[in-house]
Amino acid sequence: MSAVIENHHDDHHHGPDKGLMRWVLTTNHKDIGTLYLWFSFAMFLVGGCMALVIRAELFQPGLQLVVPEFFNQMTTMHGLIMVFGAVMPAFVGLANWLVPMMIGAPDMALPRMNNYSFWILPFAFGMLLSTLFMEGGAPNFGWTFYAPLSTEYAPPSVTFFIFAVHLMGISSIMGSINVVVTILNLRAPGMRLMDMPLFVWTWLITAYLLIAVMPVLAGVVTMMLMDIHFGTAFFNAGGGGDPVLFQHVFWFFGHPEVYIMILPAFGVVSAIIPTFARKKLFGYDSMVYATASIAFLSFIVWAHHMFTVGMPIAGELYFMYATMLIAVPTGVKVFNWVATMWQGSMTFETPMLFAIAFVILFTIGGLSGLMLAIVPADFQYHDTYFVVAHFHYVLVPGSIFSIMAAAYYWLPKWTGNMYDETLGKTHFWLSFVGVNVTFFPQHFIGLAGMPRRYPDYALQFADWNMVSSMGAFLFGFSQLLFLFIVIKCIRGGKQATDEVWDGAEGLEWTVASPAPYHTFSTPPALPERSMA
Amino acid sequence: MTDQSAQNKTTLKLISVVFGMFVFGFALVPLYDIYCQVTGANGKTGGAYVASETLEIDEDRLVTVQFLANNNANMPWEFRPSVRTLKVVPGKIYDTTFYASNIARATMTAQAIPSVAPFHAAEYFHKTECFCFEKQQLAAGEQIDMPLRFIIDPHLPATVQTLTLSYTLFDVTELAASGAAE
Amino acid sequence: MTEKQSKLGANGQIRRIMRWLIAATALASSIQAFADWSALNMTKGVTEISRQVYDLHMLIFTICVVIGVVVFGVMIWSMLVHRKSLGAEPASFSHSTKLEYAWTIIPIFILVGMAVPATSTLRDMYDASGADMDIEVRGYQWKWQYTYLSDDPAQEVKFMSSLLTPADEYYNRTPKREHYLADVDNPLVIPINKRVRFLITSNDVIHSWWVPDFAVKKDAIPGFVHESWAVVEEPGIYRGKCTELCGKDHGFMPIVVKAVEQDEYDAWLAMKQQEALEVYETVGKTWTMAELMETGEQVYAQHCQTCHQANGEGIPPAFPSLVGQGLAIGPMDAHVDIVVNGKAGSAMQAFAAQLNPAEIAAVVTYERNAWGNDVGDMVQPRDVNALITGEE
């Protein structure tokens, strides 16, 4: 018996180093998870400030604060920072913290590569943000950087943008390889794939998506680089190329990318709702198959972002039908969450509030997505605020809420302290109201005819723009409360038990809170019933 | 240890997928071109046409062909079709010209890029001789009438009664000089 | 606990259900009310196609609202009733194959129901044959050019259509008037009840031509031409927007289409053709300095000011200053040349394609004498024309 070293003994012999170098050199999945989460929060605040510049300018008709050239830089950088700097690293941070614990593994499979994957990001984003101070300004061609605006007409900083994208891509690819190898090889003995928590499944599938499409993004920015600097004509009609080719290759990456940004959210919500409903996740098998279907379908629908580009009708019809089909597995997931809640015994702590808001508001975003799939109607929605409303619904009360839900849910495990529940609920309600006041009116102004990426607008759009801007400031400043809550929790609070939540299931709830620096150095014995 | 070698195998497999997808991204370029050539889906007409079989001519069918001529961006040449529209019988050969004049102060090279609307008519528009097949170099002040010889395939769907062929002139003086253009 | 449970006895549950049904009905019927609020909903438009699109939009929207109400209704009910605080005990079921089949297959039927009318409308939209007239729509940074194709290129009506709202309004120096950012100097004029075919392309980057009242939106791609079409059934003024990010003034290049009765259109077209002829003929006369400066100032405001600014100082380095430096006070030939031919590798376009020789002569003369430049010389339209046509 004594040959088995208990986890808490490890603390004394192999505790973390002290000081700054601990963070620079760490190969520990918990440390790296923490680094990713703090980095993503910082990027969220930076991207959020850019959003507030945008919404402040759009508060009233007329150009009050910024000139159009700078406005275009703000919209571009806001998109890039939020997509690549906030949402994606946050999910990677959650994967790092949780996947090894959930499968009973001591760490990620490739711990040193894990360290590199993180540390590339501050360099990449430092470079990207520095373009704001370069001559000609930051990238100003939208986060979707269509050619030839982003090639022949781009500011000099475009080259730095391309390098930054390459670096972020390398980080994502390395991180995803790590996730797949870990999940496939390091599960505790006896844990079959269909026994894994759904969060692990969604990350396994997300990692495959990343491995498949990030290289395509790398390819398209390399083609841009070649067109700009080496006289090629991939996207230049004059040289025999085609600007529309850019859009096809970009969206071949871009569509799976948006599923990359939502599948882990599905996993988070699938962990939280069963806990607070005190009832097993409904339809586990179905949830796995639905996630896999969504991932597969995500590869073959990309041109629904391009319906007005002049594709032949056969192409438009095919992409319309394929896109509509994605509604089916997505709907299945929503129904399964509702069925999990149904006849449960629910309590509504902060993680559950965020998770339920996710289900409702993500569904609204999904339904507007279904509307966008209908091609003749899309001709009236495309490139208007209707699209902006759609994707912000799925990304903000979608992905971002799921990240906040995850933070509240697992903070006690990470820190050993309960967060302040009253403050948490306050943060939730302020965010919930803020997010809806910001983005719901954008459906109206889009339908009424206001295009995207406009720094100024005709007078009939003024009222709803003002409302939207007020919501944005409410939502934005509420996130400072979140920052306060997180720091307060780290510094102290009511002691958390191992299990933390009544009804929580999963290996992470069998270790102490805070989780010891090294967990599952020896694989755990699994409980008799399966995780499903 | 078998654990480590299993991990290594998985890692290597995934890295090769990464490289494969990077190559796939670049492969999309020729794939796209081939798809467009076969289906005419982006309105681009093909290269020089060689009639492979005798075409059935329906003398009563008339198709209107409109010609558009434009300069791209900073291209300063004067560029216009000698006729705006021609009524043609599919299957017969027709000739027309486009006038171009280099009004700039230096020698310039232009590339004419064709585009057909509706796109699905492009694969039925055959050019046996076209100034768009090569770059055109004109000295400062030089003028030229550039020939186009074409046949509309009689298999053009009956729903197409008007077809628009647009040429856009691009300045490829630098591309031609560096020899890097396609 | 039991007290609370009894409150939610059969009567209570029925009352709750009734309340939800009433709310859902009210919502569904109010959808029709929302449908007419132009600040909230898509326009019905003035073409057969735009009405079909609107109907499709309302159909899908209604289906989505009903789905939302049902799903959220169930959720909210559950949140109110299946609570631990009310003593609810969690059930033990965690799967049902029958349900999974049901909620996979039923949505597929709903989707097919949407796809059928969508396919039919799309096929109509894609058929541009049988047009009565063709108009080339060309996107520029940052304005539109319209060309009414006719068999005689020399007599063709062709003009630029630029934002009319002055910078003073969008920089908040003067009050914003009606049609702020939605007015142009030269609207596109078309006859009603005629099938108008649009041939859409671009001069530089990708733009997109959108007129909501026609349900026409097509990207303008450099080097490629796309067709679209509309039959406008009601006379009126219809305003549209550029809907693809195209640079700094993406939000400042609106579209205005004026649809008029056939005889009014014929008269307008004849007048424009006459104007084109007259413009050509003014190249023959000799202009005075005063005439050149007056016309030059107008041309400058419409075509040059957006980059070089009203005070001539530009936004260096992208848009150089014209005040007291450079070609504006340099050799006349070089000044005319850069306006006519543009400058490769920069945003300075070849304005010979957009301005006639009289306009070019006027704006060059203006630039050389405004803002204290006072060079004192001027150039005649016929000389600019000679440079452009290569004749002497």
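How far apart are the centres of domain 1 and domain 2 of chain B, taken over C-alpha atoms? They are separated by 40 Å. Domain 1 covers 1–39 and domain 2 covers 63–178, with bounds from an automatic or database domain assignment.

Quick housekeeping. This is a predicted model, where local features need pLDDT of at least 70 and side-chain atom pairs count only at pLDDT 80 or more, while totals for chains, interfaces and linings use all residues. Residues are numbered from 1 along each chain as its sequence is written, and chains are lettered from A and ligands numbered from 1 in the order in which they are written.

OK, chain A, and two helix pairs. Helices here are DSSP runs of H or I with at least four residues, strands are runs of E with at least two, and both are numbered from the N terminus. Helix H7 (residues 198–229) and helix H9 (residues 263–277) of chain A have axes that come within 7 Å and cross at roughly 175 degrees. Those axes are lines fitted to C-alpha atoms, for helices over the stretch in contact, with angles from 0 to 180 degrees between N-to-C directions. So H7(A) and H9(A) are roughly antiparallel, a label for angles over 145 degrees. Among the residues that meet are A:Trp201 and A:Trp203 on H7(A), and A:Phe266 and A:Gly267 on H9(A); contact means C-beta atoms, placed from the backbone, within 7 Å. That contact divides into 10 nonpolar, 4 polar and no charged residues. Nonpolar is Ala, Val, Leu, Ile, Met, Phe, Trp, Tyr, Cys and Pro; charged is Asp, Glu, Lys and Arg; the others, Gly among them, are polar.

Next pair: helix H12 (residues 350–373) and helix H14 (residues 385–415) of chain A, with axes within 8 Å, crossing at roughly 160 degrees. That makes H12(A) roughly antiparallel to H14(A) too, and their contact has 19 nonpolar, 8 polar and no charged residues.

Over to chain C. Five strands make an open, mixed sheet there, in the order S4-S10-S9-S6-S7. Strands S4 (188–191) and S7 (216–220) of chain C are at the edges with a single partner each, so one side of each has no neighbour in the sheet. From one strand to the next, the twist averages 25 degrees. S4(C) pairs with S10 (residues 255–260) of chain C in the parallel sense, over 4 bridges; pairing takes at least two bridges found by DSSP. C:Leu188, for instance, has C:Val257 as its bridge partner.

Last, where chain C touches chain A: 73 residues of chain C are in contact with 78 of chain A. Helix H3 (48–81), helix H4 (97–125) and S7 of chain C each supply at least two residues of that side of chain C.

Key. Parallel < 35°, antiparallel > 145°, perpendicular 65-115°, else oblique. Contact = placed C-beta atoms within 7 Å.
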